[in-house]
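Here is a friendly walk through the model on your screen. Keep the sequence and the 3D view open side by side as you read.

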Amino acid sequence: MKRVYAREEYCLGCKLCEVYCVTSHSKSKDIVKAHKLEEITPRIIIESKDNISFALQCRHCEAADCTKACITGAIQKDEETGIVNYDAVRCVGCWTCIMACSYGVIRRDEYGDKVISKCDLCITEEEPACVTNCPNSALEFEERE
Amino acid sequence: MKGSRAEEKIMSGCAISGILNRKGNRFSGEEIIDSIALMHERSNGLGGGFAAYGIYPEFKEQYAIHMFYDDLDAKEEVEYFLNRHFNIAVAEKIPTREVDKISNPPIIWRYFAMPNEQKLSEFGLADDEYVAQSVMNINANYRGAFVVSSGKNMGVFKGVGYPEDIGDFYKLEEYEAYLWTAHGRFPTNTPGWWGGAHPFTLLDWSIVHNGEISSYGANKRYLEMFGYKCTMQTDTEAITYLFDLMLRKHKLSLESAVKAVAAPLWSEIERMEPKEKKIATAIRTIYGNALLNGPFSIILGHKDGFLALNDRIKLRPLVVAEDEERTYVASEESAIREICSEPEKVWTPRGGEPVIGLLEGREEVWA
Amino acid sequence: MGLDYNIPEFIIERDQDRCIDCQVCQHQCANQVHAYDQDLEKMVAQDIDCVNCHRCVTLCPTNALIIRENPSEYKKNKNWTGNMIENIQKQAATGGILLTGMGNPTAKKIYWDHILLNASQVTNPSIDPLREPMELKTFLGRKPDQIEFDDNGELKDLPPQLELDIPIMFGAMSFGSISINACKSLAKAASDLGLMYNTGEGGLHQDLYQYGQRTIVQVASGRFGVHNEYLNAGAAVEIKVGQGAKPGIGGHLPGEKVGAEVSKTRMIPKGSDALSPAPHHDIYSIEDLRQLIYALKEATDYKKPVSVKIAAVHNVAAIASGIASAGADIIAIDGYRGGTGAAPTMIRDNVGIPVELALAAVDDRLRQEGLRKNVSLVVSGSIRNSADIVKAVALGADAVYIASAALISLGCHMCQKCYTGKCNWGIATQRPELVKRLNPEVGAQRVKNLITGWSHEIKEILGGMGINALESLRGNRLMLRGIDLTEKELEILGIKHAGK
């Protein structure tokens, strides 16, 4: 399946991916309103230390630990698209998934009704917003072996 | 000469025609006049002319120098120069007849001459180079004088008027040549001077040309580096000198010269056999500034025959025909059919594809 | 020394209604202009450190930033302008030479803008490059007077030539003055497009050897990074005598830019200043130059053309003629608007002459001496667009070097602070966190897009003139007319005034 891959050597650490992730997952889809009026946790995380930075988000693992850890079946892998989906209605907020994820890309949602926040690959768009808006092509959305 | 110091190159449209008897049999000027006259509409009466090869068999070793003079002063000055630098066998007025439509001709004279031996060895030049430099010198430095042609056993007859009237004026029916070329002119400005008519010549190269050379500025400055002076401000003059440079001075074959002036496209060169490709690439690399760009069809006349050529993307008309003894070339097919109603073969060459008409036994000139 | 008399050159205006406090500007500014103030709970800016490179403006996702020149005005004075006063304040504070980067920005006449191009109407047809072939191929190198065949009728080999698909090359910019990613972007673009790029005096980084066939390796007065493998890695060798932005002086790459890679490539100790002497200390005369030209030809087995690059100075025509006679295959003339990574401001803005006039004079002189048909001529020094290139070729150039334009396509916004090493666009810097900002794949694509666009424009212009091969434009000054030029200027340029 197509996944988002980070190219650390070109990541500026500018965090525009986070900005556009938030906008993409907002109700208004307006960058200013999304940040000023809505409360959204970005699903992509820039990790940086000194001069090294890179973006991290859900890897949509083949055998995803989070799906096994979830006690209510709120996280499941879609066999067709390969996307690891999260269903807020089923979620009871036990955070087992957060502990199970070896990449650390499932975060507590700090604002909304949902309990966790994770990448959904912007399924309704052609390409995830973080990839489209990376100013240095440091994120690639592609099929890799 | 009047108009010869015009600031601009002179732009023109035109008609051209040529007839070669490949066996070298000579024929009168009547047919070439008929041919070019049929294309009357392609001229506007501001210039017509003819080149004829083989017309002076009795003086065939001598350079036949055709001259225009504005006045007797100019004639006197040039003759002073010619007498010092040449041994003149004959100096005479070129015969003409009164023609209503031809007015204000210059003084028209011809000389059969050989370079002065002493001067020749003094300058250490070959005959042809000596003559070429003398021609360039007269055209550049003698006011009111113009060298019309300077080859051996050939001559150019040209002036202001429709070509058929010019032919009549010069009594061309009385000359016999194995190669005739002709030109009817439609200049877009009107300098109206006799020297500006085609053909343009140097030694026995003559050019009749339909079109405009957009690369003139580049060609002219390239030629200047080899000592050519483009004083007539016409692109046709530059074409003549380019052929002189490549064929006479650099001893290129006609085939190679064609590859310079109507160079094959790089995309064509890419597809050539390795050896041919190497040569074509070298020619374009060295002779890039000799490339003729812009719309043209030309007939280059010389003692061995002619070369007719279109620009690379064929922006001017050119038709060729052949019968048993002759090769015809003209702007329009009708101009050929007028004098040869049933040619064995008629075709339209592609852009940049040379048409070679050579006397039998002179084929080595091509490659 | 107490109070710094300098005031901010630029003022940053932030539209608080748009600002979303995302801090992208803060993360992007190597000058640390932007910061999030915890107490005020909003972004603030330190105007005095802003160089107006537009990195923050470009990356701000909500267009909340505007940078203006400081609107504070000095008392009107045509002589003592604000700029003059500020320069003096700077020097009074530091005691140093005024330094700057990129090309001469002063309001002197730009001759390109006073030259107009011709087009066909009626008497010859213009040519549509979308339908007809249009050829821009150019060969640089020594040409014989005429084609020659040996006794067996075999073509004699021509001296080595550089084949360019478009008459554009990327001018000399060293690894050191620009980042490895900028070098890679240019090298890759040159390879993909069939052009050349020039190493400048920085040696050749190992990663760039793969682009050797599209590389001109430079030999300058410091001889940095010059060795046999280097000379033979490229397709041509260029001796740099002078640079348009700083004729008559050498170069200085500060030690802080000499990191491990630059050190290795230049073959100098890490952290040491790389000082290029003003002259080549083995070239004090034209005959010395000849010796170096032939030394380089020997070293490269006569398989590579040798170029000599000089700055356009007063006597440029005679110098160029000497260079041609000394055996150079290509002469490169760099005009006084040419760029630089670092130069003393006074020199950049006052030394040298416009490349347009230099080109016309050199081409004329070489033609008078019959040398132009043998030697190739390349010009540089602020070629800003495709029309400038067409004008340069019509004036007599075989090809042009572009450098500033290429860097602008990579992101440079002409802040002229290359010498600080803090280029926010990852171009004129060696700081790893800044270098990585220029992804060479993105960079190469942007440069390629620029050149592709220019080549389309050149073809359109040529077609309009009724010309379908570049060689018919070369030196074809009939295609040019001047406007607002004096008789003398027209005479030097060898063109007529519009209307004539």
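## Chain B as a whole

Of the 367 residues in chain B, 56% are buried; a residue is called buried if 20 or more other C-beta atoms lie within 10 Å of its own, exposed if 12 or fewer, and partly exposed in between, with C-beta atoms placed from the backbone. This is a predicted model, in which local features need pLDDT of at least 70 and side-chain atom pairs count only at pLDDT 80 or more, while totals for chains, interfaces and linings use all residues. Residues are numbered from 1 along each chain as its sequence is written, chains are lettered from A and ligands are numbered from 1, both in the order in which they are written.

Chain B has 11 helices and 18 strands; helices (H or I, at least four residues) and strands (E, at least two) are DSSP runs, numbered from the N terminus. The radius of gyration of chain B is 19 Å, close to the 21 Å that the globule rule gives for 367 residues, so chain B is as compact as a globular protein of that length. Here the radius is taken over C-alpha atoms, and the globule rule is 2.2 Å times the number of residues to the power 0.38. Along the principal axes, the C-alpha atoms of chain B fill a box of roughly 60 × 50 × 40 Å. Among the contacts in chain B with a separation of 6 or more, 77% come from residues 24 or more positions apart; two residues are in contact if their C-beta atoms, placed from the backbone, lie within 7 Å.

## A cis bond in chain B

Which two residues are joined by a cis peptide bond? They are His198(B) and Pro199(B), with omega at about 0 degrees. Pro199(B) sits in the loop between strand E10 (179–187) and strand E11 (200–202) of chain B.

## Where the chains meet

Chain C brings 34 residues into contact with 34 residues of chain B. The chain C side of this contact holds 13 nonpolar, 10 polar and 11 charged residues. In this scheme Ala, Val, Leu, Ile, Met, Phe, Trp, Tyr, Cys and Pro count as nonpolar, Asp, Glu, Lys and Arg as charged, and the others, Gly among them, as polar.

Chains A and C also touch, with 17 residues from chain A and 17 residues from chain C. On the chain A side, helix H1 (16–24) and helix H2 (31–36) are the elements that give two or more residues. H2(A) gives the most, with 4 residues. That side of chain A divides into 9 nonpolar, 5 polar and 3 charged residues.

## Domains in chain C

Chain C is assigned domain 1 (10–96) and domain 2 (115–497), with bounds from an automatic or database domain assignment. Their C-alpha centres lie 35 Å apart. Domain 1 of chain C gives 9 residues to the contact and domain 2 of chain C gives 7 residues.

## Two positive phi values in chain C

Is Gln32(C) buried or exposed? Gln32(C) is exposed because 10 other C-beta atoms lie within 10 Å. Its phi is near 55 degrees, a positive value in a residue other than glycine, and Gln32(C) lies in the loop between helix H1 (24–28) and strand E2 (34–37) of chain C.

Ser382(C) has a positive phi too, near 80 degrees. Ser382(C) is found in the loop between strand E18 (376–380) and helix H11 (386–395) of chain C, and counts as buried because it has 26 C-beta neighbours inside 10 Å.
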